[in-house]
Amino acid sequence: MKRLLLTGASVFDVHSGRVAAADVTVEGDRITGVGPGLDGDEAVDCAGGLLLPGFIDCHTHVCLAQTMREPFRLPRSARPLSAVPVLRTLLGLGITTVRDAWGADAGVRIAVERGWIEGPDIFLSIRQVCTTGGLGDHWGARTGPVDFFGDPSLPDPVFDGPDAARATVRRMVRAGADWIKVTATGSLVAGRGVHDVQLTDAELTALVDEAARQGRRGVMVHAHGARAAEAAARAGARSVEHGTFLDESAVAAMAEAGTWLVPTLSCSQSVPAEAPDGAAEAHPRSVRMAVEAGVPVAMGTDNPVRPHTEALREIHHLAEAGLGEAGALRAATLDAARLLGVDGDRGEIAEGKRADLVLLTGTDLRLDALNTRIRTVWHNGRRTTTA
Ligand SMILES: [Zn+2]
(Lines give C-alpha, C1' and ligand atoms only; values in the text may rest on other atoms or scores of the structure.)
Protein backbone atom coordinates (compact mmCIF):
# COMPACT_ATOMS: atom_id res chain seq x y z
CA MET A 1 0.00 0.00 0.00
CA LYS A 2 1.23 3.47 -0.81
CA ARG A 3 2.49 5.35 2.21
CA LEU A 4 1.70 9.05 2.36
CA LEU A 5 4.22 11.10 4.35
CA LEU A 6 3.14 14.36 5.94
CA THR A 7 6.45 15.95 6.74
CA GLY A 8 7.63 18.89 8.81
CA ALA A 9 4.34 19.66 10.53
CA SER A 10 3.72 20.76 14.07
CA VAL A 11 1.41 18.09 15.47
CA PHE A 12 -1.21 18.76 18.15
CA ASP A 13 -1.37 16.15 20.92
CA VAL A 14 -4.92 16.11 22.31
CA HIS A 15 -3.83 14.48 25.57
CA SER A 16 -1.15 16.93 26.65
CA GLY A 17 -2.52 19.91 24.73
CA ARG A 18 0.99 20.51 23.42
CA VAL A 19 2.35 20.94 19.93
CA ALA A 20 5.49 19.13 18.79
CA ALA A 21 7.34 18.71 15.49
CA ALA A 22 6.69 15.29 13.93
CA ASP A 23 6.11 13.46 10.68
CA VAL A 24 2.90 11.53 10.15
CA THR A 25 2.41 8.58 7.80
CA VAL A 26 -0.91 7.50 6.32
CA GLU A 27 -1.71 4.22 4.59
CA GLY A 28 -5.18 3.68 3.24
CA ASP A 29 -7.59 5.27 5.70
CA ARG A 30 -5.28 4.90 8.73
CA ILE A 31 -2.51 6.82 10.45
CA THR A 32 0.39 4.38 10.54
CA GLY A 33 3.11 6.43 12.22
CA VAL A 34 3.75 9.62 14.19
CA GLY A 35 7.28 10.70 15.04
CA PRO A 36 10.55 12.08 13.76
CA GLY A 37 12.38 10.93 10.62
CA LEU A 38 9.62 8.82 8.99
CA ASP A 39 9.63 8.03 5.28
CA GLY A 40 7.01 7.37 2.65
CA ASP A 41 6.25 7.00 -1.05
CA GLU A 42 4.71 10.40 -1.53
CA ALA A 43 5.52 13.41 0.65
CA VAL A 44 3.41 16.44 1.47
CA ASP A 45 5.38 19.36 2.87
CA CYS A 46 3.51 20.60 5.95
CA ALA A 47 6.19 23.02 7.14
CA GLY A 48 4.80 26.09 8.86
CA GLY A 49 1.51 24.31 9.49
CA LEU A 50 -0.31 22.79 12.45
CA LEU A 51 -1.77 19.32 12.06
CA LEU A 52 -4.96 18.58 14.03
CA PRO A 53 -7.30 15.61 14.14
CA GLY A 54 -10.45 16.11 12.02
CA PHE A 55 -13.12 18.09 13.86
CA ILE A 56 -16.35 16.47 15.05
CA ASP A 57 -19.58 18.50 15.32
CA CYS A 58 -21.86 16.65 17.75
CA HIS A 59 -24.90 18.82 17.06
CA THR A 60 -25.62 20.11 13.61
CA HIS A 61 -28.50 20.06 11.13
CA VAL A 62 -27.25 19.44 7.63
CA CYS A 63 -30.68 19.53 5.99
CA LEU A 64 -32.29 22.56 7.62
CA ALA A 65 -30.43 25.62 6.34
CA GLN A 66 -32.65 26.06 3.30
CA THR A 67 -35.73 24.03 4.08
CA MET A 68 -36.53 25.58 7.50
CA ARG A 69 -37.38 28.85 5.77
CA GLU A 70 -40.09 27.44 3.55
CA PRO A 71 -40.80 23.88 4.64
CA PHE A 72 -44.28 23.76 3.17
CA ARG A 73 -43.44 24.97 -0.33
CA LEU A 74 -40.46 22.88 -1.34
CA PRO A 75 -40.75 19.42 -2.87
CA ARG A 76 -39.60 16.52 -0.70
CA SER A 77 -36.36 16.00 -2.60
CA ALA A 78 -35.23 19.54 -1.74
CA ARG A 79 -34.56 18.64 1.88
CA PRO A 80 -31.93 15.91 1.37
CA LEU A 81 -30.46 17.71 -1.65
CA SER A 82 -29.99 20.85 0.42
CA ALA A 83 -27.42 18.91 2.44
CA VAL A 84 -25.05 18.61 -0.54
CA PRO A 85 -23.47 22.11 -0.33
CA VAL A 86 -23.64 22.05 3.49
CA LEU A 87 -21.67 18.80 3.71
CA ARG A 88 -19.06 20.14 1.29
CA THR A 89 -18.72 23.28 3.40
CA LEU A 90 -18.29 21.31 6.63
CA LEU A 91 -15.68 19.00 5.14
CA GLY A 92 -13.84 22.02 3.75
CA LEU A 93 -13.64 23.37 7.31
CA GLY A 94 -12.04 20.14 8.50
CA ILE A 95 -15.21 18.72 10.07
CA THR A 96 -14.89 15.04 9.23
CA THR A 97 -17.66 13.59 11.44
CA VAL A 98 -21.06 15.01 12.42
CA ARG A 99 -24.01 14.01 14.52
CA ASP A 100 -27.14 15.33 12.83
CA ALA A 101 -29.54 16.45 15.56
CA TRP A 102 -32.60 16.02 13.29
CA GLY A 103 -33.51 16.69 9.70
CA ALA A 104 -31.27 14.30 7.77
CA ASP A 105 -32.55 10.83 6.94
CA ALA A 106 -30.72 7.63 6.07
CA GLY A 107 -30.54 8.53 2.37
CA VAL A 108 -28.16 11.40 3.16
CA ARG A 109 -25.80 9.05 4.99
CA ILE A 110 -25.99 6.49 2.21
CA ALA A 111 -25.12 9.16 -0.37
CA VAL A 112 -21.95 10.05 1.55
CA GLU A 113 -20.99 6.43 2.27
CA ARG A 114 -21.32 5.48 -1.38
CA GLY A 115 -19.43 8.52 -2.59
CA TRP A 116 -22.34 10.06 -4.47
CA ILE A 117 -21.65 13.26 -2.59
CA GLU A 118 -18.71 14.45 -0.54
CA GLY A 119 -19.11 15.03 3.18
CA PRO A 120 -18.25 14.09 6.75
CA ASP A 121 -19.29 10.77 8.27
CA ILE A 122 -22.83 11.21 9.60
CA PHE A 123 -24.56 9.87 12.69
CA LEU A 124 -28.31 10.31 12.44
CA SER A 125 -31.18 11.06 14.78
CA ILE A 126 -33.76 11.50 11.97
CA ARG A 127 -36.27 13.63 13.92
CA GLN A 128 -36.55 15.27 17.33
CA VAL A 129 -39.02 13.24 19.31
CA CYS A 130 -41.19 14.95 21.92
CA THR A 131 -44.40 14.81 23.91
CA THR A 132 -47.57 16.41 22.56
CA GLY A 133 -47.04 20.13 22.08
CA GLY A 134 -43.23 19.81 22.20
CA LEU A 135 -40.79 21.27 19.69
CA GLY A 136 -41.09 18.42 17.24
CA ASP A 137 -44.89 18.49 17.26
CA HIS A 138 -45.94 20.58 14.30
CA TRP A 139 -49.53 21.55 14.77
CA GLY A 140 -51.53 24.55 13.66
CA ALA A 141 -54.50 26.04 15.50
CA ARG A 142 -56.40 26.20 12.19
CA THR A 143 -55.05 23.11 10.50
CA GLY A 144 -54.45 20.59 13.27
CA PRO A 145 -51.44 18.31 12.76
CA VAL A 146 -49.03 19.57 10.10
CA ASP A 147 -46.58 17.22 8.45
CA PHE A 148 -43.54 19.48 8.67
CA PHE A 149 -41.46 17.60 6.09
CA GLY A 150 -44.40 16.45 3.99
CA ASP A 151 -42.58 13.14 3.83
CA PRO A 152 -44.57 10.04 4.80
CA SER A 153 -41.36 7.98 4.96
CA LEU A 154 -40.25 9.89 8.06
CA PRO A 155 -41.53 8.46 11.36
CA ASP A 156 -43.96 10.30 13.63
CA PRO A 157 -41.95 11.87 16.50
CA VAL A 158 -44.78 12.58 18.96
CA PHE A 159 -45.55 10.36 21.95
CA ASP A 160 -47.12 10.47 25.42
CA GLY A 161 -46.35 7.92 28.11
CA PRO A 162 -43.51 5.41 28.52
CA ASP A 163 -44.89 2.74 26.18
CA ALA A 164 -45.45 5.25 23.41
CA ALA A 165 -41.93 6.58 24.04
CA ARG A 166 -40.57 3.08 23.40
CA ALA A 167 -42.60 2.78 20.21
CA THR A 168 -41.23 6.12 19.02
CA VAL A 169 -37.65 4.95 19.60
CA ARG A 170 -38.43 1.80 17.60
CA ARG A 171 -39.83 3.89 14.74
CA MET A 172 -36.71 6.07 14.65
CA VAL A 173 -34.45 3.01 14.73
CA ARG A 174 -36.45 1.44 11.90
CA ALA A 175 -35.74 4.56 9.85
CA GLY A 176 -32.00 4.38 10.55
CA ALA A 177 -31.42 6.49 13.68
CA ASP A 178 -28.09 6.05 15.50
CA TRP A 179 -29.17 8.46 18.24
CA ILE A 180 -32.48 9.37 19.79
CA LYS A 181 -32.92 13.12 20.01
CA VAL A 182 -35.63 14.30 22.39
CA THR A 183 -36.73 17.81 23.31
CA ALA A 184 -37.33 18.32 27.03
CA THR A 185 -37.76 22.11 26.99
CA GLY A 186 -38.85 24.83 24.58
CA SER A 187 -36.34 26.66 22.42
CA LEU A 188 -34.50 29.97 22.62
CA VAL A 189 -35.78 30.80 19.15
CA ALA A 190 -39.41 30.25 20.16
CA GLY A 191 -38.57 32.11 23.38
CA ARG A 192 -40.87 30.09 25.63
CA GLY A 193 -40.80 26.96 27.70
CA VAL A 194 -37.03 27.02 28.15
CA HIS A 195 -37.35 26.23 31.86
CA ASP A 196 -40.06 23.57 31.49
CA VAL A 197 -39.61 19.84 31.94
CA GLN A 198 -41.81 18.47 29.19
CA LEU A 199 -41.30 14.75 29.87
CA THR A 200 -42.00 12.66 32.92
CA ASP A 201 -39.11 10.74 34.48
CA ALA A 202 -40.82 7.54 33.33
CA GLU A 203 -40.90 8.76 29.72
CA LEU A 204 -37.23 9.78 29.80
CA THR A 205 -36.20 6.48 31.37
CA ALA A 206 -38.20 4.54 28.78
CA LEU A 207 -36.46 6.37 25.94
CA VAL A 208 -33.01 5.67 27.41
CA ASP A 209 -33.77 2.03 28.11
CA GLU A 210 -35.30 1.38 24.70
CA ALA A 211 -32.45 3.12 22.86
CA ALA A 212 -30.01 0.83 24.69
CA ARG A 213 -32.15 -2.24 23.97
CA GLN A 214 -32.07 -1.34 20.29
CA GLY A 215 -28.28 -1.06 20.39
CA ARG A 216 -28.35 2.65 19.66
CA ARG A 217 -25.60 4.99 20.80
CA GLY A 218 -27.77 6.86 23.28
CA VAL A 219 -30.24 9.62 23.92
CA MET A 220 -29.41 13.29 23.37
CA VAL A 221 -31.68 15.62 25.29
CA HIS A 222 -32.41 19.16 24.16
CA ALA A 223 -32.62 21.01 27.51
CA HIS A 224 -32.08 24.72 28.13
CA GLY A 225 -33.25 24.78 31.75
CA ALA A 226 -31.56 23.22 34.77
CA ARG A 227 -34.46 20.98 35.86
CA ALA A 228 -34.74 19.31 32.45
CA ALA A 229 -30.97 18.81 32.29
CA GLU A 230 -30.98 17.29 35.75
CA ALA A 231 -33.87 14.96 34.88
CA ALA A 232 -32.03 13.90 31.71
CA ALA A 233 -28.90 13.09 33.70
CA ARG A 234 -30.81 11.07 36.28
CA ALA A 235 -32.57 9.11 33.53
CA GLY A 236 -29.22 8.12 32.01
CA ALA A 237 -29.21 10.31 28.89
CA ARG A 238 -25.88 10.34 27.10
CA SER A 239 -25.79 14.08 26.49
CA VAL A 240 -27.54 17.31 27.37
CA GLU A 241 -27.74 19.65 24.39
CA HIS A 242 -27.53 23.45 24.97
CA GLY A 243 -27.70 23.49 28.83
CA THR A 244 -28.10 27.25 28.68
CA PHE A 245 -29.39 27.82 32.22
CA LEU A 246 -27.67 25.15 34.35
CA ASP A 247 -27.29 25.40 38.11
CA GLU A 248 -25.20 23.66 40.77
CA SER A 249 -27.74 20.89 41.26
CA ALA A 250 -27.94 20.14 37.52
CA VAL A 251 -24.18 20.04 36.95
CA ALA A 252 -23.73 17.87 40.06
CA ALA A 253 -26.27 15.37 38.68
CA MET A 254 -24.59 15.42 35.26
CA ALA A 255 -21.12 14.91 36.75
CA GLU A 256 -22.38 12.03 38.89
CA ALA A 257 -24.08 10.30 35.97
CA GLY A 258 -21.27 11.02 33.48
CA THR A 259 -23.67 12.97 31.26
CA TRP A 260 -22.00 14.96 28.49
CA LEU A 261 -22.73 18.61 27.82
CA VAL A 262 -22.87 19.81 24.22
CA PRO A 263 -23.26 23.53 24.88
CA THR A 264 -23.85 24.82 21.33
CA LEU A 265 -22.66 28.27 22.41
CA SER A 266 -23.20 29.50 18.86
CA CYS A 267 -26.92 29.77 19.82
CA SER A 268 -26.25 32.50 22.35
CA GLN A 269 -22.76 33.85 21.63
CA SER A 270 -22.64 34.37 17.88
CA VAL A 271 -25.88 36.33 17.87
CA PRO A 272 -26.23 37.64 21.45
CA ALA A 273 -28.68 40.38 20.42
CA GLU A 274 -31.14 37.69 19.34
CA ALA A 275 -30.69 35.40 22.34
CA PRO A 276 -33.53 35.97 24.80
CA ASP A 277 -33.86 35.58 28.55
CA GLY A 278 -30.30 36.56 29.43
CA ALA A 279 -28.99 33.52 27.56
CA ALA A 280 -25.90 35.36 26.31
CA GLU A 281 -24.67 35.82 29.89
CA ALA A 282 -26.07 32.62 31.41
CA HIS A 283 -24.79 30.20 28.76
CA PRO A 284 -21.00 30.59 29.20
CA ARG A 285 -21.56 30.71 32.96
CA SER A 286 -23.31 27.33 32.74
CA VAL A 287 -20.44 25.86 30.73
CA ARG A 288 -17.89 27.11 33.26
CA MET A 289 -19.94 25.66 36.13
CA ALA A 290 -20.22 22.32 34.33
CA VAL A 291 -16.48 22.15 33.62
CA GLU A 292 -15.66 22.95 37.25
CA ALA A 293 -18.03 20.17 38.39
CA GLY A 294 -16.26 17.68 36.10
CA VAL A 295 -18.92 17.38 33.39
CA PRO A 296 -17.35 16.28 30.09
CA VAL A 297 -17.93 18.74 27.22
CA ALA A 298 -18.05 18.07 23.46
CA MET A 299 -18.33 20.50 20.57
CA GLY A 300 -21.61 21.05 18.75
CA THR A 301 -22.75 24.12 16.84
CA ASP A 302 -26.52 23.74 16.40
CA ASN A 303 -26.06 25.33 12.99
CA PRO A 304 -27.84 26.65 11.04
CA VAL A 305 -28.39 28.95 14.02
CA ARG A 306 -25.40 30.54 12.28
CA PRO A 307 -24.39 29.83 8.69
CA HIS A 308 -22.54 26.52 8.36
CA THR A 309 -19.51 28.46 7.09
CA GLU A 310 -19.11 29.73 10.68
CA ALA A 311 -19.09 26.31 12.33
CA LEU A 312 -15.54 26.63 13.72
CA ARG A 313 -16.55 29.67 15.77
CA GLU A 314 -17.99 27.22 18.27
CA ILE A 315 -14.47 26.04 19.16
CA HIS A 316 -13.49 29.62 19.91
CA HIS A 317 -16.61 30.06 22.07
CA LEU A 318 -15.71 26.93 24.06
CA ALA A 319 -12.20 28.24 24.67
CA GLU A 320 -13.59 31.57 25.87
CA ALA A 321 -16.13 29.85 28.14
CA GLY A 322 -13.35 28.30 30.20
CA LEU A 323 -12.03 25.29 28.28
CA GLY A 324 -8.99 27.19 27.01
CA GLU A 325 -7.59 26.66 23.55
CA ALA A 326 -6.24 23.14 24.01
CA GLY A 327 -9.38 22.10 25.91
CA ALA A 328 -11.65 23.47 23.21
CA LEU A 329 -9.69 21.62 20.53
CA ARG A 330 -9.97 18.42 22.56
CA ALA A 331 -13.75 18.98 22.91
CA ALA A 332 -13.92 19.22 19.12
CA THR A 333 -11.84 16.08 18.49
CA LEU A 334 -11.10 13.31 21.01
CA ASP A 335 -13.78 14.25 23.53
CA ALA A 336 -16.40 14.53 20.77
CA ALA A 337 -15.31 11.08 19.60
CA ARG A 338 -15.71 9.80 23.17
CA LEU A 339 -19.24 11.17 23.37
CA LEU A 340 -20.08 9.50 20.06
CA GLY A 341 -18.43 6.24 21.13
CA VAL A 342 -15.90 6.27 18.28
CA ASP A 343 -12.76 7.27 20.19
CA GLY A 344 -11.23 3.87 19.50
CA ASP A 345 -11.34 4.81 15.83
CA ARG A 346 -10.77 8.56 15.56
CA GLY A 347 -10.30 11.85 17.38
CA GLU A 348 -6.51 12.00 17.72
CA ILE A 349 -3.35 11.82 15.66
CA ALA A 350 -2.07 8.42 16.71
CA GLU A 351 -1.02 5.20 15.05
CA GLY A 352 -3.99 3.04 14.06
CA LYS A 353 -6.48 5.89 14.13
CA ARG A 354 -8.47 6.98 11.14
CA ALA A 355 -6.61 9.47 8.99
CA ASP A 356 -9.00 12.39 9.47
CA LEU A 357 -6.61 15.32 9.55
CA VAL A 358 -6.68 19.10 9.25
CA LEU A 359 -3.62 21.13 8.31
CA LEU A 360 -3.76 24.77 9.42
CA THR A 361 -1.61 27.64 8.26
CA GLY A 362 0.58 28.73 11.18
CA THR A 363 1.50 26.65 14.19
CA ASP A 364 -0.18 28.53 17.04
CA LEU A 365 -3.39 27.50 18.82
CA ARG A 366 -5.23 30.79 18.30
CA LEU A 367 -8.84 29.92 17.56
CA ASP A 368 -10.53 33.21 16.69
CA ALA A 369 -10.22 32.85 12.92
CA LEU A 370 -9.77 29.11 12.44
CA ASN A 371 -11.82 29.08 9.25
CA THR A 372 -9.24 31.32 7.53
CA ARG A 373 -6.39 28.94 8.40
CA ILE A 374 -7.56 25.70 6.78
CA ARG A 375 -4.86 24.58 4.35
CA THR A 376 -5.67 20.92 3.65
CA VAL A 377 -8.17 18.37 4.93
CA TRP A 378 -7.82 14.60 4.76
CA HIS A 379 -10.87 12.45 5.37
CA ASN A 380 -10.42 8.68 5.66
CA GLY A 381 -6.88 9.17 4.35
CA ARG A 382 -8.04 10.96 1.22
CA ARG A 383 -7.27 14.58 0.56
CA THR A 384 -10.57 16.37 0.11
CA THR A 385 -11.17 18.68 -2.78
CA THR A 386 -13.22 21.16 -0.81
CA ALA A 387 -10.69 22.89 1.47
ZN1 LIG B 1 -30.34 21.67 17.21
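Is His61 buried or exposed? I looked this up before anything else. His61 is buried at a relative accessible area of 4%, and His59 is buried at 0% (buried means under 20%, exposed over 50%, partly exposed in between, with a 1.4 Å probe and protein chains only).

Notes on the source. The model is predicted, so I kept in mind that local features need pLDDT of at least 70 and side-chain atom pairs pLDDT 80 or more, while totals for chains, interfaces and linings use all residues. Residues are numbered from 1 along each chain as its sequence is written, and side-chain values use heavy atoms, without hydrogens or water.

Zinc site. I found the zinc ion coordinated by NE2 of His59, NE2 of His61 and OD of Asp302, at 2.0 to 2.1 Å. Donors are N, O and S atoms within 2.8 Å of the metal (3.2 Å for Na, K and Ca); water is not among the atoms, so sites may look incomplete. The donor spacing in sequence reads H-x1-H-x240-D.

Sheet. I traced an open sheet of six strands, in the order β12-β9-β13-β14-β15-β16, with parallel pairing. Strands are DSSP runs of E of at least two residues, and helices are runs of H or I of at least four, numbered from the N terminus; pairing needs at least two bridges. The edge strands are β12 (158-159) and β16 (260-262). I then checked β14 (residues 218-225) against β15 (residues 239-245): they pair over five bridges. Met220 has Ser239 of β15 as its bridge partner.
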